[in-house]
Amino acid sequence: MSQKVIDQTKMTTYPQQPHGGELVNQVLIGEALEEAIERAKYLPTIVVDLEAVITLEMIATGVLSPNKGFMSEGDYKSVLTEGRLKSGVVWPVPLSFAPIGDKNKEIIKSLNIGDEIALADHTKEAVAILKIEDIFDYDREFRALHLFDTTDRSHPGVDAIYRRMGDTALGGPIQLLRRVHWGPFEGIRMEPKDTWKLFYEEKKFTTVGGFITGANPLHRGHEYIHRNALEELDGLFVQPLVEMAKREYTRHEFRMLAYRSVLETYYPKERTILAPLRVTYIFAGPREAVLHALIMKNYGCTHALIGRDHAGIGDFYDKYAAHTIFDTFKPEELGIDIRLFQEVFYCTRCDSAATEHTCPHEGKYRINISGTGIRELLRYGVLPPKEIVRPESARIAMQGIQPKGMDENQMAINPVGKTIKSIFPFYLKHERLGGAERAQALEAQRLTIEDLVGVIRDVRENADRVYRDIYNEFTYVTDMNRSVQDDWVTEAREAIHRHQEMVVRNLEEKVDQATESASDEFMYQDKQEAAKELEVAQKMFDDLSTPIGKDQLDYRTWNSLPYARYRGSDE
């Protein structure tokens with residue numbers, strides 16, 4: 001039999017509760033496990049793929065509480081049409097089991113409600129036992145349309161339904177016989193039973209923000225969200241998704257290592273917890289954002305941190321669909337505080353990460369934080385700007401990117417112009433970062449690897465220079481202690497003033513000597529033209545930046561009382 005993973009009386013004292021009120025545990029131990037392993041040898045067996053194995057483990061360890069197995073037809077259809085279980089509990093994504101293959105079809109035909117079947121992995125050893133409570137027809141089109149709002153096979157979730165799902169579904173609770181080894185993540189894996197104790201018994205947190213992230217290495221957009229959360233919450237729980245990532249993403253081992261390198265360098269260690277989340281990619285867009293929030297809740301988090309395009313799939317969903325879907329549920333139904341964050345970019349004029357809600361500056365100062373674009377830069381063998389990805393993260397992620405490098409046409413997965421447009425959109429309209437507008441805007445499809453090299457060099461040289469130069473101007477006109485200013489700046493400005501003053505004096509003499517009309521207009525100037533030259537030269541002199549020396553700033557230092565009085569002296 002399974003046992004309660006956490007004492008229920010103690011759990012009621014925690015700041016959070018599992019979704020549905022109970023942290024599910026379908027992991028068998030002791031004599032019950034030994035008996036089930038032996039029984040499974042004589043049960044009908046269906047071999048399942050890695051995605052199903054991962055789902056079984058998520059169910060059994062409480063990640064998907066309150067679900068104890070695969071859904072019956074009633075719950076399955078209610079979730080698809082209403083986003084809830086029949087009981088009314090919010091649940092956005094159905095958990096269904098509809099095996100494919102001729103051999104499995106024959107096995108399913110022999111089954112009846114009340115029967116048990118063994119579910120085995122590729123080793124043919126049983127991973128779990130499913131007790132059948134329902135057998136129903138599985139309509140792939142119905143699932144696709146309600147779950148993804150489309151039946152377009154170019155949608156990866158829709159495609160997976162037609163590739164992986166059969167015609168008949170089996171519903172019922174499962175019992176887990178063995179956990180699958182997590183490879184390089186085995187030593188740092190954490191189940192809900194571990195995190196609840198860590199958060200609320202060991203660390204004594206009262207609030208924890210959960211953050212689930214997908215195919216990209218940790219970038220400064222993630223960091224912006226994390227730092228905002230850590231300003232008000234006790235802890236941060238970061239869970240990069242591992243397994244089931246497309247090959248053209250950064251491989252999950254390197255993605256985890258990239259996270260570790262940044263967290264250990266830039267994050268408060270006692271308040272930040274990193275653990276892999278082994279989960280199947282459902283590609284459900286906004287519905288998957290809700291699922292992730294509930295997973296965070298089942299891990300014990302009090303807050304769910306949701307970015308702009310959480311679980312987004314290309315252009316299938318609105319830019320902020322992962323935000324607006326939460327409007328369809330009452331906060332008390334979700335039971336976790338949802339914190340929504342706008343799209344983050346880096347503003348070189350602000351000299352910080354920002355969003356549309358916090359930054360007023362125009363696009364010529366911005367570097368976008370695009371996960372797809374970052375992956376492409378890594379493929380091109382270029383370290384992204386430090387303003388959008390920490391070098392500690394990008395250096396490791398580059399080692400795990402697939403495919404590496406460029407093809408024979410100097411292209412990666414996406415055209416180079418698309419990559420430039422996604423991260424450096426200013427380049428198409430402006431000559432440089434923060435610079436003048438081009439006479440003719442560039443076309444993204446015509447950009448080459450040389451353009452990528454050029455914009456990368458520009459950003460590396462100037463991204464932190466924009467604000468630095470502005471700051472330098474402010475310090476020059478503000479510093480009353482001139483010893484902190486470089487003498488050469490004042491000397492250069494004095495020289496420019498002196499030289500322009502010389503030009504003005506010379507032109508004044510020229511105007512005095514000029515005749516009203518010139519004998520040869522191509523060789524000589526008349527008084528009117530000479531006066532115009534003087535007018536322009538004088539205006540240029542007036543426009544010059546003022547050289548500021550120490551003796552010129554004495555007027556700025558004044559006090560209404562003797563200085564000693566400000567220190568408290570009565571004298």
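In this predicted model, helix 14 (residues 371-379) packs against helix 16 (residues 416-423) at an angle of about 130 degrees. The axes of helix 14 and helix 16 lie 9 Å apart. An angle over 145 degrees would count as roughly antiparallel, and 65 to 115 as roughly perpendicular. Helix 14 and helix 16 are therefore oblique to each other. The crossing of helix 14 past helix 16 is left-handed.

Helix 14 contributes G373, I374, E376 and L377. These meet T419, S422 and I423 of helix 16. By class, the residues of this contact comprise three nonpolar, three polar and one charged.

The protein chain contains 22 helices and 15 strands. Its contacts were also sorted by sequence separation. Among contacts with a separation of 6 or more, 72% join residues 24 or more positions apart.

Overall dimensions were computed for the protein chain. The radius of gyration is 33 Å. For a compact globule of 571 residues, a value near 25 Å would apply. Along the principal axes, the C-alpha atoms fill a box of roughly 115 × 75 × 40 Å.

Terms used
Residues numbered from 1 in each chain as written. Predicted model: local features only at pLDDT ≥ 70, side-chain atom pairs only at ≥ 80, totals over all residues. Heavy atoms only, no water. Axes fitted to C-alpha atoms, helices over the stretch in contact; angles between N-to-C directions. Helix = DSSP H or I, 4+ residues; strand = E, 2+ residues; numbered from the N terminus. Parallel < 35°, antiparallel > 145°, perpendicular 65-115°, else oblique. Left-handed = near helix turned anticlockwise from the far one by under 90°. Contact = heavy atoms within 4.5 Å. Nonpolar A, V, L, I, M, F, W, Y, C, P; charged D, E, K, R; others polar. Rg over C-alpha atoms; globule rule 2.2 N^0.38 Å.
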